[in-house]
Amino acid sequence: MRQADSHTSIPTLPSTPSLVASGHDRRALLAALTFVDKPPQSGVALARWFEKHLVAPGRMPRPAYVTEGFSKQVALAPVEPDEPELQELVEAARFRVLASLRAFMPPAADDRFLAAAIDGGRVRRAGDAALWESCPREEDLLSDIVLSLFSADMLNYREFHDAYLCVCKTCLRIDFDPNRSGRTGCPEHQPTATVGVMRRSRPPL
């Protein structure tokens with residue numbers, strides 16, 4: 001898996017006009033991509049990610065701690081967390097998220113994490129009954145919180161993700177260009193690749 005600081009690109013939202021409604025709020029997907037692309041490496045950075053992408057939009061209350069399946073609870077600001085332990089927890093959460101997305105792709109097409117998000121109450125119907133929104137709880141695993149963000153967008157745009165989501169089998173990099181990656185690689189892990197950075201298109205205005 002590539003290190004968190006291996007590139008400094010800021011993720012942008014993928015979109016395809018024929019599949020994605022213009023103007024729809026896809027900030028949940030942007031929040032999830034931000035976590036995966038640049039995982040927070042300090043308690044302050046993680047607290048800021050929560051505040052910007054989950055607390056301020058009203059998706060969940062401000063958490064006092066984070067946890068993952070293997071670990072004890074790690075407190076967030078204003079308590080100074082154990083940074084090495086926090087980094088291990090964040091990386092474990094990131095790996096579980098990416099493994100779930102990888103399994104979602106053909107041929108496995110394993111979407112059990114979507115059902116788990118629904119059954120666990122981490123996503124719910126929005127004001128428009130046809131749309132879903134992320135609503136994780138403070139006690140949820142960090143990976144489940146991030147997966148709830150992906151799940152909301154996938155439930156809203158299942159056809160888009162079925163057709164375009166790519167996760168490199170070598171480094172687990174996310175891309176949305178199956179014509180280039182073949183859905184199994186990324187620009188850095190294909191024999192014919194000449195592009196060294198990840199590309200995503202911006203949403204239509």
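Modeller: Let us begin with a term: a residue is called buried when under 20% of its relative accessible area is left, exposed when the value is over 50%, and partly exposed in between, using a 1.4 Å probe and protein chains only. With that in hand, Ala109 counts as partly exposed, because its relative accessibility is 42%. This is a predicted model, in which local features need pLDDT of at least 70 and side-chain atom pairs count only at pLDDT 80 or more, while totals for chains, interfaces and linings use all residues. Residues are numbered from 1 along each chain as its sequence is written, and side-chain values use heavy atoms, with hydrogens and water left out.

Colleague: Where does Ala109 sit, and what is its phi?

Modeller: Ala109 lies in the loop between α3 and α4, and its phi is positive, near 50 degrees, in a residue other than glycine. Most residues other than glycine have a negative phi, and most peptide bonds are trans.

Colleague: Which residues does the cis peptide bond join?

Modeller: The cis bond joins Pro106 and Pro107, with omega at about 5 degrees, and Pro107 also belongs to the loop between α3 and α4.

Colleague: OK, what about α4, which of its residues are buried?

Modeller: In α4, which covers residues 112-119, Phe113, Leu114 and Ala117 are buried. Seen down the helix axis, these buried residues fall within an arc of 105 degrees (taken from the directions from the axis to the C-beta atoms), so they line one face of α4. The face turned away from that buried side carries Arg112 and Asp119, which are exposed.

Colleague: And what do the buried ones pack against?

Modeller: The buried residues of α4 pack against α3 (83-104), β3 (123-125), α5 and α6 (158-164). After α4 comes Gly121, whose phi is positive, near 75 degrees.

Colleague: Stepping back, how many helices and strands are there?

Modeller: The protein has seven helices and six strands, where helices (H or I, at least four residues) and strands (E, at least two) are DSSP runs numbered from the N terminus. Of its 205 residues, 47% count as buried.

Colleague: How many residues of α1 are buried?

Modeller: Eight of the eleven residues of α1 are buried, which leaves this helix mostly covered; among them are Ala28, Leu29 and Phe35. The cover over the buried residues of α1 includes α2 (43-55), α3, α5, α6 and β6 (174-175).

Colleague: New topic: what is the volume of the largest pocket?

Modeller: Its volume is about 290 Å³, counted as the space filled by probe spheres set on grid points, which are joined across faces, edges and corners. A pocket here is an open set of points on a 1 Å grid over the protein atoms alone, where a 1.4 Å probe fits, with protein on both sides within 12 Å along at least five of seven lines, and lining residues have an atom within 4 Å of a point. The largest pocket is lined by 17 residues, and Asp25, Ala28, Arg59, Trp132 and Glu133 lie nearest its centre. Elements giving two or more residues to this lining are α1 (27-37), β4 (132-134) and α5 (142-156).

Colleague: Last one: what is the mean pLDDT?

Modeller: The mean pLDDT, the predictor's confidence in each residue from 0 to 100, is 79, and 75% of the residues reach 70 or more. Over residues 1-11, however, the pLDDT is below 50, and over residues 15-23 the pLDDT is below 50 too.

Terms used
Contact means heavy atoms within 4.5 Å.
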